[in-house]
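Subject: Structure handover and findings

Hello,

Here is the structure I promised to pass on. My notes follow below it.

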Amino acid sequence: MTSIHLGCAIWAYRGWLGEFYPADSPVSDLLRLYGNRFSTVECNATFYSVPSPPTVDKWRRTVPEGFLFCPKFPQSISHQGALQPKLPEALDFITLIQGLGDRLGPLFLQLPPRYSPQGLRDLAQFLGGIADAGVRLGLEVRHPLWFEPPHHQALRELLQGLKIGLVLLDTRPIYQGPEDPQHQSQRKKPRLPLRPCTTASFTFIRYISHPQLPKNQALMESWMPPLRQWQAQGQEIFFFMHCPVEEHSPRHAKFFHQLLQSHGIKVPPLPWDQVVAPPAQLDLFAQADPGSGSR
């Protein structure tokens, strides 16, 4: 069975103490606890700070077999102008993060909103320079023109040729109504078109959920047909749950797992269910805040 890996963007979030984690959990134990609940993590921490080799090795030893980190390239590489001059730094980061060994999933590079299709040549040179580095790689673009013809097709062809995945960012849930679920967020997610497609042997999805769980169901269900199709085609799927109110992300991910099961999509058991008895099938809406969704 082709795996569907499900997780969140981070693991060390204090707001999860008392529900997702035991209330008295020390920060030093959160990665171990996270690894006993989900099978992957997006690992946004590497975007802000490059870990030391001993830290990478500690991460590897802390999580169980089969767990996969999907580290984000440091912002010093992705958000500091042209990419090609950063190639040596990117290769050094790849070498460092390969210390995760068999706990390493796809890395992903997020381009800033200002990086437009005018940078296609620079992008092609950079990606070509790391395509043979021995890691799987996903790319997320945020400039609106990347989603329009002919630029979207050119990007797909580039990524397909290098066997690099196109990261699918789904921000529809937080832009479906007049209210702004991101009003307390320091870094707001962009409103961009969703163009579901695959360009590599894996699919990398970042779903930005609405804090009010019921407002997600229809859009979560819209993912069922493509996920079923991609799984049948042998794709390995990574699905990461975000939320502007981060407290809700684990609960929303658990609901999505139940939704996959209810639609007959083959998905590995959620490790979390072996730690804490799972709620009744699809009853998590009963736990959703009917108000603002914030705590």
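Helices (H or I, at least four residues) and strands (E, at least two) are DSSP runs, numbered from the N terminus. A cis peptide bond links P149 to P150, with omega about 0°.

Two points on provenance. This is a predicted model, where local features need pLDDT of at least 70, side-chain atom pairs count only at pLDDT 80 or more, and totals for chains, interfaces and linings use all residues. Residues are numbered from 1 along each chain as its sequence is written, and side-chain values use heavy atoms, with hydrogens and water left out.

**Overall**

The chain has eleven helices and nine strands. Of its 295 residues, 52% are buried. Buried means under 20% relative accessible area, exposed means over 50%, and partly exposed is in between (1.4 Å probe, protein chains only). The accessible surface of the chain is about 12800 Å². Carbon and sulfur atoms hold 51% of that surface. Areas come from the Shrake-Rupley method with a 1.4 Å probe; for residues, only the protein chains shown count as cover.

A contact here means heavy atoms within 4.5 Å.

**The sheets**

Two strands pair if DSSP finds at least two bridges between them.

Strand 1 (residues 4-8) deserves a look. Five of its five residues are buried. In a regular strand the side chains alternate between the two faces of the sheet. Here both faces are covered: I4, L6 and C8 are buried on one side, H5 and G7 on the other. What does strand 1 pair with in the parallel sense over five bridges? The partner is strand 9 (residues 236-242). In that strand, I237 stands opposite I4. Strand 1 also runs parallel to strand 2 (residues 40-41), joined by two bridges. There the bridge partner of G7 is T40, and C8 stands opposite V41.

The other open sheet is made of three strands, in the order 4-5-6, again with parallel pairing. Strand 4 (107-110) and strand 6 (165-166) are at the edges with a single partner strand each, so one side of each lacks a neighbour in the sheet. Strand 4 and strand 5 (residues 137-140) run parallel and share four bridges. L107 is opposite L137 in strand 5.

**A helix pair**

Two packed helices are described by the angle between their axes and the distance between the axes. Helix 5 (residues 87-97) packs on helix 6 (residues 120-130) at an angle of about 35°, and the axes are 10 Å apart. Axes are lines fitted to C-alpha atoms, for helices over the stretch in contact, and angles run from 0 to 180 degrees between N-to-C directions. The crossing is right-handed, that is, the near helix is turned clockwise from the far one by less than a right angle.

Which residues meet there? Helix 5 brings L87, A90, L91 and I94; helix 6 brings F126, G129 and I130. The residues of this contact divide into six nonpolar, one polar and no charged. Ala, Val, Leu, Ile, Met, Phe, Trp, Tyr, Cys and Pro count as nonpolar; Asp, Glu, Lys and Arg as charged; the others, Gly among them, as polar.

**Backbone points to check**

Most residues other than glycine have a negative phi, and most peptide bonds are trans. C43 is not a glycine, yet its phi is positive, about 60°. C43 lies in the loop between strand 2 and helix 2 (45-48). Is C43 buried or exposed? C43 is buried, because its relative accessibility is 1%.

K163 also has a positive phi, near 60°. K163 is in the loop between helix 7 and strand 6. K163 is exposed, because its relative accessible area is 68%.

**One last pair**

Q274 lies in helix 11 (residues 272-275). Q274 counts as exposed because its relative accessibility is 67%. Q274 and N36 are 238 residues apart in sequence, but their C-alpha atoms are 8.4 Å apart in space.

Best wishes
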